[in-house]
Each structure stands twice: as C-alpha cells, then as structure tokens.
Amino acid sequence: MKYDYIIIGGGVHGCAAAYHLAASGAGSIAVIETATLAAEASGGRGKRGVRANRRDLREMPLMREACELWPTLADELGADTGYVRTGGICLVSGNAANGHNGLAAVEATAGAQNALGIPTEVWDRDRILTRLPGIDTTTKAGIYAPLDGVASHGATTQAYAEAGRRLGVDFFENTTAVKIETNASGAAASVLTATEDVFTIGKQLLLANNAGANPLLADLPGGELPLWTIYPQAVFLRSRNRPEIPLLTAHDSRPLSVKVLDDGVIMLSGGWRGTLDPATGRGRTREENIAGNIRSLTETFPGLGELEVIDADASRTETASVDLIPTIGYVAPNVMVATGWSGHGWALAPAVAPRVAESLRARRADSAFAPFSPDRFTL
Ligand SMILES: Cc1cc2nc3c(=O)[nH]c(=O)nc-3n(C[C@H](O)[C@H](O)[C@H](O)COP(=O)(O)OP(=O)(O)OC[C@H]3O[C@@H](n4cnc5c(N)ncnc54)[C@H](O)[C@@H]3O)c2cc1C
C-alpha cells in the first residue's frame with residue numbers, strides 16, 4: 001500500500017492532522033491506529049479542559065488561536081464536540097512555596113497572560129463567591145480566564161476522523177506500526193506493521209502516536225526523544241450536595257482540576273497519576289492518589305457532603321517531556337513528530353493540527369512550532 005501521507009496514531013492529533021491534510025487537497029492519506037480511534041489519551045469518560053489559564057507561556061500563542069477556533073469547530077466538522085465556554089479559574093489561598101506562585105504572583109500572572117492575548121482577570125474572594133459559593137475560607141484570590149472551557153475528547157476526536165473520512169482519508173484500526181524503514185539518505189521509506197503489511201511513504205510520515213512514538217523513533221538516525229510515559233488519573237464522583245462549580249476550577253497550591261459534567265458528576269484530575277500495571281501493560285489507579293485527589297477537592301469545596309466514587313481511570317497513556325511542553329517538528333527529512341504533550345495537549349489540537357498539516361505539505365515545520373522543536377534537546 002502506498003500513500004502520500006501516512007499518520008501513525010488515531011488520537012485527536014492524528015485524526016485532526018489527517019482531516020486538515022485532506023481538506024487542503026493534499027493527496028492520499030492513511031491513518032494507522034494500533035487499537036481503535038481515541039483509544040488512549042484522546043478517549044474515555046468525561047471531558048477535557050480547554051484551558052489557557054496558567055499554561056506554559058510558550059504555548060500561549062497556539063492556545064490563543066485554539067480559543068478562537070473551539071467555539072466553531074463543531075460547525076466546521078459537522079458533529080458535536082461537547083465544547084462549552086465555562087470560563088476557568090485558578091484559586092489562590094496563600095504565598096505558596098514549592099514552585100507554586102501564590103498570592104504575590106497573581107497580578108503578574110494575569111498581566112503576562114493579558115499581554116499574550118489571553119484575557120485574564122484577578123478576582124477577590126467576594127467576586128469568587130458569586131460564582132463558587134462553596135469555596136473554603138483560605139481562598140483569597142483567583143486568576144480568571146473567561147475564554148477557558150471544556151470539550152468532549154472522544155466526540156471531538158471521532159468528529160475529526162469522520163470529517164477526514166468524508167474527504168477520503170483511509171483509517172486502519174487494529175493495525176500496529178512496529179518499524180520505520182529508512183533509505184540510504186536517512187529518509188523514511190515505509191512503515192511495517194505487526195501483521196507484516198508494508199505502508200510505503202509517498203511523501204511524508206507523521207508520528208502522532210503519543211506514548212508510542214519513542215519506540216519507533218529508535219529506528220531513525222536521531223533516535224529517541226527525552227520523553228516518558230505517564231498515566232494521568234481521572235476520578236468521577238457524585239456528591240450528596242449539589243456541586244455549585246460552574247467554572248473549570250484549579251488550585252494554585254493543591255493538585256486539583258474540577259469540572260462538573262452535564263449529568264452532575266464531578267470529574268477530578270489535576271496532576272495525580274496512576275502507575276503501570278506490568279500484568280496488563282496499561283496504567284492502573286492507586287488508592288492513595290485517588291484519596292489525594294479527593295482531599296484536594298474537599299479542602300477547596302468543604303460543603304459537598306458525602307462523596308461516592310463512581311469511577312476512576314488511569315489507563316490512558318500520555319507522554320511527558322523533560323521541559324513539560326510538547327515536541328513538534330521534524331526528526332528526519334520526511335518524518336514529523338507531534339508528541340510530549342505533558343498532560344495538556346488536548347486543548348491545543350484545533351490550532352496545532354492545521355499547522356502540522358501545512359508543515360507536512362511544505363516539508364518544513366511551521367514557525368509557530370519553533371519553541372517545541374525536537375532540536376531544542378541537542379546542541
Ligand atoms: C486523564 C487525562 C486527562 C487529561 N486532561 C487534559 C485536559 O484537561 N486538557 C488538556 O489540554 N489535555 C489533557 N490531557 C492530555 C490530552 O488528552 C493529550 O495530550 C492528547 O489527547 C494527546 O493526543 P494524541 O492524539 O497526541 O495522543 P493519543 O490520544 O494518545 O493518541 C495516540 C494514538 O496512537 C496509537 N498508537 C500508539 N502507538 C502506535 C503504533 N505503534 N501504531 C499505531 N498506533 C499507535 C494509540 O493507540 C493512540 O490511539 C489529559 C490526558 C489524560 C489521559
């Protein structure tokens with residue numbers, strides 16, 4: 001089989017890049033996915049945060065663009081994305097230590113975000129209480145970003161894939177890429193699969209397979225990137241008392257991200273991790289981390305009453321990078337990689353994908369990807 005563009009990975013970034021390539025009339029496109037679409041970080045229960053607030057400043061130009069694109073994405077793709085612009089807040093209770101910013105940094109953070117085009121306000125306690133009446137007594141201020149929101153990750157990924165399919169993209173599910181074969185000049189010539197099929201690369205190859213990228217990069221002259229696999233934890237709860245948490249809510253010094261789903265279920269994340277289960281080769285939750293995540297919630301919203309854990313999941317792999325920003329760029333003359341999202345790659349997808357597609361067509365990484373270049377790891 002020969003395709004002009006081959007994409008490994010059927011998560012949001014692979015499906016979205018395929019859609020944008022196809023929409024630009026770029027020729028034949030195949031997406032190779034080892035399981036089913038949205039099987040890893042881009043799938044699962046609940047919603048993902050579309051968050052600019054407190055994001056690494058190097059990601060802000062792309063995130064500003066993404067904030068503009070999210071509200072109309074469903075219309076463009078012709079399917080629901082579950083996007084809601086809730087607004088997002090990071091609560092601050094003191095002059096926190098250990099790398100957190102605390103009250104002293106609130107104005108500076110808001111100023112920097114505003115300067116980078118992310119509207120940001122500093123809220124005092126009284127203002128916060130008008131939207132989040134249940135906050136604890138220690139909360140003194142909040143950094144509020146009105147453009148933040150949430151979206152359905154599985155639905156959005158499927159919407160990108162369906163839109164791509166309508167434009168002629170071929171999706172190969174249950175197909176595992178096991179090796180990239182190179183030619184004498186170091187360019188990728190073909191992708192071999194676990195069932196010994198050969199996908200010949202007509203023009204360009206994109207590795208959008210997140211935690212699966214490094215094993216394949218080992219075949220290329222540049223070798224592996226300084227990335228590792230993480231198992232982000234999501235916890236789903238019902239509270240006895242109705243949660244009045246309409247904003248995407250995080251905390252400056254507690255590992256916590258809260259969103260209340262349409263059915264009233266409270267979804268928690270915020271940096272807690274699961275661990276690899278060697279028996280299954282997948283992530284599994286850790287009781288102490290579920291308890292820790294819930295403690296962060298109840299310290300911040302003490303009046304929720306009895307909480308019932310209805311689900312907890314740490315099975316979805318994600319990739320972290322040493323500097324906690326993504327890696328997007330060329331690793332061989334015709335091989336681009338987009339990985340290393342470090343737990344926050346979802347929200348960027350609508351801005352990243354068209355630029356990845358354009359980069360593949362131009363055979364040169366878009367200038368917006370300069371901070372994320374794989375070259376930053378070499379002298
Ligand atoms: C619990 C959790 C909460 C998160 N919360 C947020 C959030 O609130 N906001 C935010 O912005 N981000 C969030 N993220 C991160 C975000 O979901 C990811 O950064 C993003 O979905 C990555 O998309 P992707 O397409 O690059 O990777 P993935 O969705 O992981 O897709 C990669 C695909 O490649 C496939 N694959 C791997 N190896 C191979 C191979 N050899 N051959 C073929 N296919 C292969 C996999 O099966 C997978 O389907 C969260 C992640 C998790 C897990």
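This is a predicted model: local features need pLDDT of at least 70, side-chain atom pairs count only at pLDDT 80 or more; totals for chains, interfaces and linings use all residues.
Residues are numbered from 1 along each chain as its sequence is written, and side-chain values use heavy atoms, with hydrogens and water left out.

**Around Ser359**

Ser359 sits in helix α8, which covers residues 349-362. Helices here are DSSP runs of H or I with at least four residues, strands are runs of E with at least two, and both are numbered from the N terminus. Setting aside neighbours within four places in sequence, Ser359 is in contact with Tyr330, Met336, Arg364, Ala365, Asp366 and Phe369; contact means heavy atoms within 4.5 Å. Take Phe369: it lies 10 residues from Ser359 in sequence, and the two are 9.7 Å apart in space, C-alpha to C-alpha.

**Over to Thr81**

Thr81 belongs to the loop between α2 (60-77) and β4 (88-92). Not counting residues up to four places away in sequence, Thr81 touches Leu73, Ala74, Ala151, Ser152 and Thr156.

Here are some buried residues with their values:

| Residue | Relative accessibility |
|---|---|
| Cys15 | 0% |
| Thr81 | 2% |
| Cys67 | 3% |

**The cysteines**

How many disulfides does a search of the whole structure find? It finds 0, where a disulfide is a pair of cysteine sulfur atoms within 2.5 Å. Cys67 is in no disulfide, and the nearest cysteine sulfur, that of Cys90, is 16 Å away.

**The whole protein**

Zooming out, the protein has 8 helices and 22 strands. Its radius of gyration is 21 Å, close to the 21 Å that the globule rule gives for 379 residues, so the protein is as compact as a globular protein of that length. That radius is taken over C-alpha atoms, and the rule is 2.2 Å times the number of residues to the power 0.38. Along its principal axes, the C-alpha trace spans about 65 × 45 × 45 Å.

Buried residues account for 52% of the 379 residues. Of the contacts between residues at least 6 apart in sequence, 73% join residues at least 24 apart.

How values were computed:
Buried means under 20% relative accessible area, exposed over 50%, partly exposed in between (1.4 Å probe, protein chains only).
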